[in-house]
Amino acid sequence: MEQTDPSPRPPRTAQDRTRRSRSIKLFVRDIVIIFVAAIIISVGIKTFLIRSFYIPSSSMTNTLQVNDRIIVNQLVPDVVPLQRGDVVVFRDPGGWLPPQQETEVNPVVGAIDWFLTTIGLSASDSNDHLIKRVVGLPGDTVTCCNPVGQMEVNGAPLDEPYLNLPEGVSKVSGDDFSQVVPEGSLWVMGDNRYSSKDSRYNTETPSGGFVPIDNLVGRAFVITWPSAHWSWIDNYPDTFRGVGVEPD
């Protein structure tokens with residue numbers, strides 16, 4: 001025998017439909033608020049705390065490979081002290097990078113990249129920045145090379161395990177130099193010493209080869225992509241131990 005529902009559902013009233021419509025609107029509103037809040041938080045983090053960049057050149061191999069993605073701590077140097085050995089991202093002081101040619105970008109791709117850059121997940125301006133290792137702080141005397149091919153800071157020779165040198169080469173720079181780092185500036189060099197246009201080769205630029213500390217974006221501290229390259233970026237404190245008293 002066919003059974004019937006002893007308590008059939010009553011037809012929806014106008015009040016039920018209004019209540020359901022209001023619930024849907026509240027749900028959509030909450031989703032929008034969460035989405036906007038996430039963007040605001042992401043922008044705040046990118047503006048004040050950390051930021052993503054990709055590596056466009058080989059000047060920092062083998063520490064960093066071309067197209068690696070890195071995270072930069074933007075609290076350095078304003079909150080966290082800057083140290084010799086730090087790998088830093090900085091804006092071009094002027095004349096370090098060749099003029100950039102503008103390329104046409106698909107509007108959809110451009111919009112996506114702009115959004116990802118805004119929330120800190122992309123870095124469309126990586127080609128406008130440079131990344132090098134800090135070798136000299138303000139007041140340091142940076143010299144190369146001593147009789148065994150090492151670089152010296154304030155007369156102390158450096159053992160630099162992070163360097164990528166050509167096979168059979170022990171001299172850490174192809175060109176000799178001696179520079180005193182002025183106040184408010186840094187002397188920076190690439191780990192791939194024979195393929196890095198760093199402070200050594202920008203002495204004819206407006207900054208004289210030095211990087212104004214005001215141009216720093218921050219310190220790179222981790223490689224995030226590709227996953228096979230994931231690692232912390234060391235600043236090798238033992239290399240620079242004993243080179244002199246830290247400047248005030």
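This briefing covers the disulfide, the aromatic pairs and a charge-over-ring contact of the structure. The model is predicted. It holds one disulfide and six aromatic pairs. Two of the pairs are described below, together with the solvent accessibility of their residues.

**Disulfide**

- The disulfide joins Cys-144 to Cys-145, with an S to S distance of 2.0 Å.
- The link of Cys-144 and Cys-145 is right-handed, with 65° about the S-S bond.
- Both Cys-144 and Cys-145 are buried.

**Aromatic pairs**

- Among the six aromatic pairs is that of Phe-90 and Trp-96, whose ring centres lie 5.6 Å apart. The planes of Phe-90 and Trp-96 stand at 85°, and the pair is edge-to-face.
- Phe-90 has a relative accessible area of 0%, so Phe-90 is buried. Trp-96 is likewise buried, because its relative accessible area is 2% and the cut-off for buried is under 20%.
- Trp-230 and Trp-232 also form an edge-to-face pair, because their planes meet at 70°, where over 60 degrees is required. The ring centres of Trp-230 and Trp-232 are 5.4 Å apart.
- Trp-230 counts as partly exposed at 47% relative accessibility, whereas Trp-232, at 59%, counts as exposed.

**Aromatic cluster**

- One aromatic cluster is formed by Phe-177, Trp-187 and Phe-210.

**Charge over a ring**

- Arg-133 lies over the face of Tyr-162, at 4.1 Å from the ring centre.

Technical notes: Residues are numbered from 1 along each chain as its sequence is written. This is a predicted model: local features need pLDDT of at least 70, side-chain atom pairs count only at pLDDT 80 or more; totals for chains, interfaces and linings use all residues. Side-chain values use heavy atoms; hydrogens and water are left out. A disulfide is a pair of cysteine sulfur atoms within 2.5 Å. Buried means under 20% relative accessible area, exposed over 50%, partly exposed in between (1.4 Å probe, protein chains only). Rings of Phe, Tyr and Trp (its six-membered ring) pair if their centres lie within 6.5 Å; planes under 30 degrees apart count as stacked, over 60 as edge-to-face and the rest as tilted. A charge sits over a ring if NZ of Lys or CZ of Arg is within 6 Å of the ring centre and within 35 degrees of the ring normal.
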